[in-house]
Amino acid sequence: MQPDSSTGLNGKGQDLKIVSLISIGQHPASGRARRAEQDGRAVELGMTLAASSSTQNLTVLHAGDSQQAALRSYAGMGLESVRVLQLRESADAVKTLSEYLHKHAPDIILTGVRAESGESSGMMPYLLGESLGWPVVSRIADIVSIKEGVAEILQALPRGQRRALTVRLPFIASVDNAAPEPRQSAFGPANRAFMEQQQCHSEPDTARNGWSIVSARKRPKRLKIVKAKTAADRFKAATAKPQGAGGKIMKNQPAAEQAQAIFDLLLEEGVLR
Amino acid sequence: MVFEWLHPVLIATALLLAAIGAVRRVNLWRAGQAESVDFVAGLIAMPGRYLHDLHDIVERDKYMSKTHAATGGGFVLSLAMIVLVHLLGLESQILAWALLVSLTLMFVGAVFVFKRRLNPPSRLSKGPWMRLPKSLLAFSGAFFILTLPMAGVLPEGFLSSSTGGWILTAVLTVFIAMGLSEMLLGMTWGGPMKHAFAGALHLAFHRRPERFGGGRSTGLKPVALDQRVLGVQKPEDFKWNQLLGFDACVQCGKCEAVCPAFAAGQPLNPKKLIQDMVVGMAGGSDADYAGSPYPGKEIGQANGGPLLTITEGLIDPQTLWSCTTCRACVEECPMMIEHVDAIVDMRRFLTMEKGSTPNKGAEVLDNLIATDNPNGHAPNSRTNWAADQNLPLLSDVKETDVIFWVSDGAFDMRSQRILRAFVKLLKAANVDFAVLGAEELDSGDVARRLGDDATFQSLAKRNIATLSQYKFKRIVTTDPHAYHCLRNEYADFAEGIADDLFDNIEVLHHTTFLNQLVQAGKLKLNPYKGGTVTYHDPCYLGRYNGEYEAPRELLRSLGIEIAEMERSGFRSRCCGGGGGAPITDIPGERRIADMRMEDVQTTGAELIAVGCQQCTAMLEGVVEPRPQVKDIAEILIESLVEPLAKELH
């Protein structure tokens with residue numbers, strides 16, 4: 001399927017409200033604060049969607065410190081403002097964000113898959129989805145079209161594969177590295193952008209209080225024994241990401257049977273007790 | 001009598017219209033941004049600048065310099081005397097004779113201009129410029145005949161005494177009108193003679209007056225980062241004297257002939273660029289331009305105006321990104337126009353406002369911001385190359401004679417060979433030196449040439465702050481780009497951090513420093529045993545810093561007789577590696593490095609001596625078979641007589 005955002009987004013795209021959530025990234029080599037790669041892609045996707053609709057309805061939202069210089073590198077992509085929910089470092093961003101999002105009720109919320117700094121648990125989209133009661137689509141590569149309240153989405157799978165999904169609005173999507181790269185951040189607009197600060201009620205992250213944080217240890221890597229016979233196999237083994245084995249595809253069975261299979265699996269994996 | 005008043009009226013009208021045109025033209029320039037200029041000093045210095053600086057450049061082409069001296073000098077003298085004799089009616093036979101002499105001078109010059117235009121080289125613009133020699137001949141010829149009666153050669157009243165005289169007078173009048181409109185109206189209303197008017201004022205109010213009298217001014221001007229728009233978006237965003245400079249162009253195409261990007265078929269022609277700036281300043285289209293186009297682009301498609309964005313309709317951004325900032329055009333320009341300044345000004349807008357640096361540009365700039373080096377290596381791996389070198393760190397020793405500025409070659413394995421060679425030479429000569437280690441940051445050269453002055457300024461200020469902590473006498477670097485930044489550009493940013501840092505230290509290129517060591521007998525060298533050697537002048541060492549001699553002297557001290565390329569010294573052809581060109585990588589028909597290698601191969605050299613890691617990389621990127629490429633430091637260690645251990649302390 002060819003992503004074709006220029007034609008597909010007409011229809012009912014006009015009055016879409018999009019929110020891209022951004023965090024403070026961290027450069028892997030220098031450890032310096034920067035525009036996070038996936039969050040940058042979330043903004044890029046949001047900007048492309050907003051540009052193809054008639055009204056500029058993209059809000060770029062950050063929960064944290066509005067003085068953080070790295071926020072300006074998102075603004076340098078051509079944003080007039082960045083909305084910041086002012087929080088203390090100890091605060092729980094999920095609660096404040098979900099309150100804000102509940103109140104403003106956007107149609108699409110875009111986030112990165114996981115933050116580059118902080119807890120970096122990758123839980124944010126799920127926690128937001130839980131509190132808002134919205135579907136969460138993980139690791140999307142593109143939003144192909146939005147028609148009559150239904151979005152056609154490409155989800156990124158390993159080895160360049162894509163899965164086409166249709167999702168009813170509103171939804172939360174985490175943006176994969178396979179999504180289009182964020183545009184260049186320019187100094188002028190970055191410097192001039194307005195940091196729209198919003199004071200808000202915040203609660204301390206009580207769960208985190210009990211944690212003690214130590215720096216990560218490099219874990220030993222399991223040796224990969226390649227039993228390939230041909231050069232093509234060796235190449236595949238060297239380049240391919242491992243794909244989960246097992247599972248089964250149920251397409252034609254009745255819904256009750258499909259639900260039962262999911263329930264059984266969750267029990268088996270110990271997710272449900 | 002009709003003719004008694006006809007010619008004076010013609011002259012007076014032409015002068016008046018020229019004056020009106022001049023006011024209009026000046027207003028076009030005044031639309032530019034303010035720039036403080038010492039008007040009086042500039043005007044006083046102008047004739048000297050014309051006779052020396054400008055003429056020295058024209059003098060490189062003897063034919064043209066003599067032609068121009070005769071034509072231009074003859075015209076200026078003639079015009080002054082025509083005003084006295086024909087307009088004010090001063091009756092003096094001596095003056096009339098003097099006028100005849102100067103008109104003859106002008107006529108002879110014009111004949112040579114005419115000859116040049118019979119079969120003009122492709123670099124010259126055609127169109128109105130083909131008309132110019134005829135107008136020159138008409139002007140000088142007609143006024144010559146008109147002056148004859150006053151000099152007593154022909155009887156007074158000869159021109160109106162007979163029917164033949166009447167006809168002759170009528171013909172003369174046509175020629176005079178033609179000559180006057182070209183020479184006087186054309187000067188201020190935009191004809192070829194505009195170069196005389198704008199050129200004279202450009203010399204007086206030049207943005208880099210340091211260039212006159214043999215000086216050098218090559219550092220880019222800083223951007224005030226709190227401006228409304230960063231860089232140049234529309235023609236009005238240029239400084240007023242930059243606009244004036246564009247108008248001074250004579251379309252001689254010397255720039256086009258030396259431009260490496262033009263020769264490589266990339267969409268850049270410095271002459272067309274300057275003419276497009278004139279189109280932008282005055283408004284209109286480039287349809288009247290009669291010179292070579294940007295390679296691969298048609299003429300007549302570009303439109304501009306003083307308030308229109310240049311890169312939307314007037315100039316394709318690819319044109320701006322093709323430039324290697326080698327300054328060959330600036331060096332060659334007889335009108336001393338600053339092409340590179342204009343190009344970088346417009347790049348600044350593209351990068352800092354539009355965020356549209358092409359290809360790898362954005363990635364490199366992001367890396368420079370996040371890791372202080374263009375390839376995103378971990379900042380603390382900067383000294384990995386020297387793990388076995390036992391180099392003293394400034395953070396330990398605090399004080400040294402020489403700081404060895406390693407530059408980003410530290411991350412590149414080929415460049416590391418140059419660094420190692422240089423370190424070996426420093427140790428052999430017993431130099432007291434140290435390195436900054438991980439404290440050193442990228443010099444910011446690439447960021448600045450790519451138009452990101454914000455990142456450049458941040459790097460420069462942090463480097464200056466680091467340098468200001470230590471005591472040292474000189475900085476020596478193997479990288480001419482870092483050398484240029486440190487020597488010519490950093491001083492603008494030292495204020496408030498280390499005000500007089502750059503007044504008290506010396507910045508040297510390693511070839512200069514090594515030459516000092518060799519001449520002082522601190523390095524003992526065996527004669528070079530090998531084949532023919534040629535030397536490639538790096539742009540940022542030669543044209544940017546005037547260092548042509550030290551590398552050659554070093555090679556000579558090895559007993560090498562350099563097989564010079566036709567384009568060497570100030571005419572050296574760029575390797576294609578400057579100005580971020582390998583990063584923006586604008587497609588052309590050929591590669592600049594390949595063309596440079598052809599230059600090398602015509603000398604029959606087996607070895608190219610280079611003084612720049614970037615040139616080394618570009619030239620080694622040319623496919624084999626080709627001559628070997630070595631930095632001068634690498635050539636020196638091969639011939640180094642290593643001191644015995646006890647001689648070292």
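Residues are numbered from 1 along each chain as its sequence is written, and chains are lettered from A and ligands numbered from 1 in the order in which they are written. In this predicted model, local features need pLDDT of at least 70 and side-chain atom pairs count only at pLDDT 80 or more, while totals for chains, interfaces and linings use all residues; side-chain values use heavy atoms, with hydrogens and water left out.

Chain B is divided into four stretches, namely domain 1 (2–204), domain 2 (229–354), domain 3 (378–488) and domain 4 (518–639), with bounds that come from an automatic or database domain assignment. The centres of domain 1 and domain 4 of chain B, taken over C-alpha atoms, are separated by 46 Å. The secondary structure of chain B comprises 28 helices and 9 strands, where helices (H or I, at least four residues) and strands (E, at least two) are DSSP runs numbered from the N terminus. Chain B has a radius of gyration of 29 Å, close to the 26 Å that the globule rule gives for 649 residues, so this chain is as compact as a globular protein of that length. The radius is taken over C-alpha atoms, and the rule is 2.2 Å times the number of residues to the power 0.38. Along the principal axes, the C-alpha trace of chain B spans about 100 × 55 × 45 Å.

Of the 649 residues of chain B, 59% count as buried (buried means under 20% relative accessible area, exposed over 50%, and partly exposed in between, with a 1.4 Å probe and protein chains only). Among contacts in chain B between residues at least 6 apart in sequence, 78% join residues at least 24 apart; a contact means heavy atoms within 4.5 Å. Chain B exposes about 25900 Å², of which carbon and sulfur atoms supply 57%. Such areas come from the Shrake-Rupley method with a 1.4 Å probe, and for residues only the protein chains shown count as cover. The charged side chains of chain B number 62 positive and 72 negative, and the centres of the two sets lie 3 Å apart. Lys and Arg count as positive and Asp and Glu as negative, without His and the chain ends; the place of a charge is taken as NZ of Lys, CZ of Arg, CG of Asp or CD of Glu.

Chain A has 9 helices and 11 strands. Its radius of gyration is 21 Å, close to the 19 Å given by the globule rule for 273 residues, so chain A is as compact as a globular protein of that length. The C-alpha atoms of chain A fill a box of roughly 60 × 50 × 45 Å along the principal axes. Buried residues make up 37% of the 273 residues in chain A. Of the contacts in chain A with a separation of 6 or more, 70% are between residues 24 or more positions apart.

Within chain B, helix H27 (residues 613–620) has B:Gln613, B:Cys615, B:Thr616, B:Met618 and B:Leu619 as its buried residues. Their cover includes helices H18 (413–428), H25 (581–584) and H26 (592–603), together with strands S7 (533–536), S8 (607–610) and S9 (628–631) of chain B. The loop between H27 and S9 of chain B holds B:Pro625, and the peptide bond from B:Glu624 to B:Pro625 is cis, with omega near -5°. In chain A, the peptide bond from A:Leu169 to A:Pro170 is cis, with omega near -5°; A:Pro170 lies in the loop between strand S9 (162–168) and strand S10 (171–175) of chain A.

B:Ser78, in helix H3 (residues 62–87) of chain B, is buried, with a relative accessible area of 0%. Not counting residues up to four places away in sequence, B:Ser78 touches B:Leu99, B:Ser102 and B:Leu103. B:Met336 lies in the loop between helix H14 (328–332) and helix H15 (339–354) of chain B and has phi near 55°, a positive value in a residue other than glycine; B:Met336 counts as buried at 4% relative accessibility. B:Asn390, in the loop between helix H16 (361–371) and helix H17 (394–397) of chain B, has a positive phi of about 55° although it is not a glycine, and counts as exposed at 70% relative accessibility.
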